[in-house]
Amino acid sequence: MAVLSFQSPTNFSATSIPRSSRGRFNSTAGISSSFTGDGRISSMILRFPPNFVRQLSIKARRNCSNIGVAQIVAAKWSNNPSSGLPSAAAAAAASSASATAASAPAAAAPSVVALNGADEEVVVAEGAREIGLKKDSKPSFLSSDGSLTVHAGERLGRGIVTDAITTPVVNTSAYFFNKTADLIDFKEKRSVSFEYGRYGNPTTIVLEEKISALEGSESTLVMASGMCASTVMLLALVPAGGHIVTTTDCYRKTRIFMENFLPKMGITVTVIDPADVAGLEAAVNKYQVSLFFTESPTNPFLRCVDIELVSEICHKRGTLVCIDGTFATPLNQKALAFGADLVVHSLTKYIGGHNDVLGGCICGPLKVVSEIRNLHHVLGGTLNPNAAYLMIRGMKTMHLRVKQQNSTASRMAEILEAHPKVSHVYYPGLASHPEHHIAKRQMTGFGGVVSFEIDGDIERTIKFVDSLKIPYIAPSFGGCESIVDQPAIMSYWDLTQEERLKYGIKDNLVRFSFGVEDFEDVKADILQALEAI
């Protein structure tokens, strides 16, 4: 194995060292010492991360300066005494560059090249590691999303030195500096560090890179919940006194935030039907709209927005487009590829996939995500590294789970639509769905949730739900276990029946999230429950 050593008065050199003579690597610092017979240190070995050619403009570095993104590796100075950095500080800076959130093996000497002048300067730093940036994580040998869910962010190079197949959980609230010189180098942007647990974690970085690979995004930011991701995104991108456009059908808590909290900042909201393209055009022409925010498919009626069309309309007026793709998953729909600027997911649902962990994320261009990241570091809402580990583990089987859920939901939607005790079915995969033509164009699968209305009142619908044996009566969706609920009771019970109807929520509406159970078992259970009413 080729290893790289710093040049110093002790005459360290790059060499290949047999495993038996190497010292033990510290997984945090990435530095190892091997010893001579009399116990003196004979070499100091620094392992740099793979794929370490990085390019980033000064402007982008400023946006992310508080997390030390795209700093020039300190080894440049240790290998170049004429650079003006004292040798002691050089060694400290090199140690600090390695010590952050760790590094993985590599085999080439570092170099730094500055190109293009002032505002468009590009820094190419071999050995530098940016925190929270997308790596080249989709090589030619991984051609499918299924393979990416397993390997992206991990086998392709993660920032944690380990022989373990699985990503370790780094449980720490802060990151130390070996000496004050290291801290000064970090503060003056010559080395990188997470510094504090709220600003990042090696385990969560793996999750962010895995999601970025699936969505095809430059950057991903994970947070403590889907609602945290949505609210921080809105606060970061919409100025006081600004204006946003959203759609009638959406998660109720998102609507509550828009209607009750954003007005306190003077932010106004235009609400349109998901298919109201003319309404969107009128809004962006009338107001200085910062953001068009919608779900696709929506909750709970699974309406679909023409992402390509709305992005074209909004971009003409400088309006950002954010799609909540939680119901779709990155496997069934890639909103960024259709022109959206940002994608939000509740990781709690299909991505985590096991009904055991909360999380949320925002994917998009580095510059925009960095603005959100900066506010996130102030507000908090940090994803715990143990939760990040569960998300990473869940993603490895996501393509298998979603394939099963797509299939079960699609088959059951057809059966329900033909059943005499079901008055209406909402599912994008049905030809009867108002946006079926849109869903066919921009989705590869139609998701694992089916909403439908029982032919009867609230009491008859309750009897149906209570007669089911497989699904749990619970909120949420997207997990291995099937879940069923009546939105009128689960999400809107504090409103009167008349108020619920303003949102289209009837007492007989059922939302069914299909898990990974055998199709025939689920089918038999639903049919027997329908026979019971």
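**Talking through a predicted model**

Mentor: Let's start with the overview: the protein chain has 19 helices and 18 strands. Keep in mind that this is a predicted model.

Trainee: Okay, two of those helices then. What makes α14 roughly parallel to α19?

Mentor: Look at the axes. Helix α14 covers residues 398-417 and helix α19 covers residues 519-531, and their axes cross at roughly 30°. Angles under 35 degrees count as roughly parallel, so α14 is roughly parallel to α19. The crossing of this pair is right-handed, by the way.

Trainee: How do you know that α14 and α19 meet, and which residues are involved?

Mentor: The axes come within 11 Å, but contact is judged by heavy atoms within 4.5 Å. On the α14 side you'll find Gln404, Thr408, Arg411, Met412, Ile415 and Leu416, and they meet Phe519, Glu520, Lys523, Ile526, Leu527 and Leu530 of α19.

Trainee: And how many nonpolar, polar and charged residues are in that contact?

Mentor: There are 7 nonpolar, 2 polar and 3 charged residues where α14 contacts α19. Met, Ile, Leu and Phe count as nonpolar, while Glu, Lys and Arg count as charged.

Trainee: Next one: why is Lys189 called partly exposed?

Mentor: Its relative accessible area is 35%. Buried means under 20% and exposed means over 50%, so with 35% Lys189 ends up as partly exposed. You can find Lys189 in the loop between α5 (180-187) and α6 (202-215). Its phi is near 70°, which is positive, and Lys189 isn't a glycine.

Trainee: What about Asn355: what makes that residue count as partly exposed?

Mentor: Try the cut-offs again: 20% below, 50% above. Asn355 has 34% relative accessibility, so it counts as partly exposed. Asn355 also has a positive phi, about 55°, although it is not a glycine. Asn355 sits in the loop between β12 (342-346) and β13 (360-364).

Trainee: And the chain as a whole: how much of it is buried?

Mentor: Of the 533 residues in the protein chain, 56% are buried. Each of those has under 20% relative accessible area.

Conventions:
Residues are numbered from 1 along each chain as its sequence is written. This is a predicted model: local features need pLDDT of at least 70, side-chain atom pairs count only at pLDDT 80 or more; totals for chains, interfaces and linings use all residues. Side-chain values use heavy atoms; hydrogens and water are left out. Helices (H or I, at least four residues) and strands (E, at least two) are DSSP runs, numbered from the N terminus. Buried means under 20% relative accessible area, exposed over 50%, partly exposed in between (1.4 Å probe, protein chains only). Axes are lines fitted to C-alpha atoms, for helices over the stretch in contact, and angles run from 0 to 180 degrees between N-to-C directions. Angles under 35 degrees count as roughly parallel, over 145 as roughly antiparallel, 65 to 115 as roughly perpendicular and the rest as oblique. A crossing is left-handed if the near helix is turned anticlockwise from the far one by less than a right angle, and right-handed if clockwise.
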